[in-house]
Amino acid sequence: MTNDLLFELLKTSRAEILEDWVQQQMAGGGTRGDFIKEDELRAQAGEFLNRFQGAVQSGQINNINSESWAPVLSLLSDISRTRGRMGFSPSETATFIFSLKTPLITRIRKAVGSNADRLFQEVATSSELLDKLGLYTTEVHQQTREELISRQQMEMLELSTPVVKVWDGIVALPLIGTLDSARTNVVMESLLQQIVQTGSEIAIIDITGVPTVDTLVAQHLLKTVSAARLMGADCIISGIRAQIAQTMVHLGIDLTTVTTKATMAEALRLALSRSGFRITREAK
Amino acid sequence: MQDKIPILQIEDLLLVSIQVDMHDRLALQLQDDLTSKISETNARGVLIDISSLEIVDSFIGRVIGNISAMARVLDAKTVVVGMQPAVAITLVELGLTLDGVHTALNVSRGMALLRRNDFTQ
């Protein structure tokens with residue numbers, strides 16, 4: 001009976017509902033006239049009503065996860081995603097659905113008349129349904145944001161580990177940011193790969209941009225140095241700040257097996273002299 | 001017994017190129033062959049090329065370390081060359097840093113290293 005009324009309303013007064021709904025959105029809350037045009041909004045709303053009507057007709061009004069609601073949900077996730085990318089806030093996106101309540105309930109009231117029990121029941125059902133759909137858009141919105149964040153994290157990971165060839169047979173790896181296990185693996189792999197590709201015998205790992213060094217970070221560094229040594233390349237660690245040197249000694253980290261230099265310049269000088277280059281200044 | 005890793009002699013150096021998947025018996029066979037070859041030929045250096053080796057386990061890693069230690073007892077220097085990044089990472093994760101084994105990026109660098117060591121002796 002409920003479904004019948006809702007379906008009947010959607011069928012007979014679809015145009016009115018659509019008009020009210022669009023007006024409501026343009027006038028009031030959520031929708032941002034500067035982000036989305038009325039035509040576009042009207043098209044989205046119309047398409048939603050079509051699919052909504054189809055889903056209501058199927059009868060499974062309490063379960064929006066059922067097969068018959070799939071078209072509605074897919075439209076909603078599209079809308080939510082595009083809006084999320086345009087910079088809508090989650091509540092603005094959800095308002096797209098919530099603002100359908102007033103036009104719909106007005107129509108229900110007209111249709112039911114003075115039967116209070118029936119009116120309450122109808123309003124409760126459709127309100128619950130729209131709440132579910134509204135929450136769904138928020139969920140998708142959230143999910144889109146999370147996907148964006150994890151993609152950016154991946155990009156940052158790639159960006160922050162460039163291996164630079166500074167001279168024939170010398171590569172440098174300027175590390176910036178905190179080293180965790182995941183990053184160390186990326187760093188280690190790209191460094192070793194570059195050592196093979198460039199045939200470099202000396203690698204300089206510069207940790208000027210690493211804010212803190214704890215035992216774990218030191219262990220990661222030593223692993224990288226050992227792996228490079230196994231492949232036949234020597235590592236020099238440079239850019240250890242005074243504060244970090246103190247911490248390392250206090251933590252009892254043993255770096256005696258690794259060549260360390262205070263600055264990148266010193267490390268480069270050592271690397272060049274090990275490769276047999278001599279730098280001289282031209283006499284003026 | 002059918003597959004054996006060939007050991008080539010170049011003047012006073014021995015060259016071993018591992019181009020098949022190492023399994024335990026093959027590794028032990030190589031260890032046997034190489035030590036007897038060193039004492040037979042009085043070789044001064046051993047060059048082990050593992051650039052085609054893509055998978056190692058702790059046993060193979062340990063055998064490589066052992067071969068190097070045995071060669072040192074027989075007064076020959078061992079250089080392991082061409083280790084793949086993935087293999088190096090695996091060995092480090094296994095805790096096998098092969099201390100005391102000399103390493104080089106490729107065969108020619110390894111050869112140069114052995115010649116230089118011989119020269120300084």
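pLDDT is the predictor's confidence in each residue, on a scale from 0 to 100. The mean pLDDT of chain A is 83, and 95% of its residues reach 70 or more. This is a predicted model, in which local features need pLDDT of at least 70, side-chain atom pairs count only at pLDDT 80 or more, and totals for chains, interfaces and linings use all residues. Residues are numbered from 1 along each chain as its sequence is written, while chains are lettered from A and ligands numbered from 1 in the order in which they are written.

**Figure 1. Chain A in outline.** Chain A holds 11 helices and 5 strands. Helices (H or I, at least four residues) and strands (E, at least two) are DSSP runs, numbered from the N terminus. Of the 284 residues of chain A, 31% count as buried. A residue is buried if 20 or more other C-beta atoms lie within 10 Å of its own, exposed if 12 or fewer, and partly exposed in between, with C-beta atoms placed from the backbone. Among contacts in chain A between residues at least 6 apart in sequence, 76% join residues at least 24 apart. Two residues are in contact if their C-beta atoms, placed from the backbone, lie within 7 Å. Within chain A, confidence is lowest in helix H1 (residues 2–12), at a mean of 73. It is highest in E4(A), at 92.

**Figure 2. Helix H11 of chain A and its buried face.** H11(A) spans residues 264–274. Its residues A:Ala267, A:Leu268 and A:Ala271 are buried. Seen down the helix axis, the buried residues of H11(A) fall within an arc of 100°, so they line one face of the helix. The arc is that of the directions from the helix axis to the C-beta atoms. What do these buried residues pack against? Their partners are five strands of chain A: E1 (164–167), E2 (170–176), E3 (202–209), E4 (234–238) and E5 (259–261). On the other side of H11(A), A:Ala265 and A:Ser273 are exposed. After the helix comes A:Gly276, whose phi is positive, near 90°.

**Figure 3. A:Gln24 and its contacts in chain A.** A:Gln24 lies in helix H2 (residues 14–27) of chain A. With 19 other C-beta atoms within 10 Å, A:Gln24 is partly exposed. Leaving out residues up to four places away in sequence, A:Gln24 touches A:Ser99, A:Thr102 and A:Pro103. A:Gln24 and A:Thr102 are 78 residues apart along the chain, yet their C-alpha atoms are separated by 8.6 Å.

**Figure 4. Chain B in outline.** The secondary structure of chain B comes to 4 helices and 5 strands. In what order do the elements of chain B run from the N terminus on? The order is β-β-α-β-α-β-α-β-α. Chain B has 121 residues, and buried residues make up 40% of them. Of the contacts in chain B with a separation of 6 or more, 80% are between residues 24 or more positions apart.

**Figure 5. Two helices of chain B, side by side.** H1(B) (residues 24–41) and H2(B) (residues 58–73) pack at an angle of about 5°, with their axes 10 Å apart. Axes are lines fitted to C-alpha atoms, for helices over the stretch in contact, and angles run from 0 to 180 degrees between N-to-C directions. H1(B) and H2(B) are therefore roughly parallel to each other. Angles under 35 degrees count as roughly parallel. H1(B) brings residues including B:Leu28, B:Leu34 and B:Ile38 to the contact. H2(B) meets them with residues including B:Phe59, B:Val63 and B:Met70. By class, this contact has 10 nonpolar, 3 polar and 1 charged residues. Ala, Val, Leu, Ile, Met, Phe, Trp, Tyr, Cys and Pro count as nonpolar, Asp, Glu, Lys and Arg as charged, and the others, Gly among them, as polar.

**Figure 6. Two loop residues of chain B with positive phi.** Most residues other than glycine have a negative phi. B:Asn42 has a positive phi, near 55°. B:Asn42 sits in the loop between H1 and strand E3 (45–49) of chain B. B:Asn42 counts as exposed, with 10 C-beta neighbours inside 10 Å. Phi of B:Leu98 is positive too, near 50°. B:Leu98 is found in the loop between H3 and E5 of chain B. Is B:Leu98 buried or exposed? B:Leu98 is buried, with 21 other C-beta atoms within 10 Å.

**Figure 7. Where chain B touches chain A.** Here 13 residues of chain B are in contact with 15 residues of chain A. On the chain B side, helix H3 (85–93) and strand E5 (102–104) are the elements that give two or more residues. H3(B) gives the most, with 5 residues. The chain B side divides into 10 nonpolar, 2 polar and 1 charged residues.

Technical notes:
Parallel < 35°, antiparallel > 145°, perpendicular 65-115°, else oblique.
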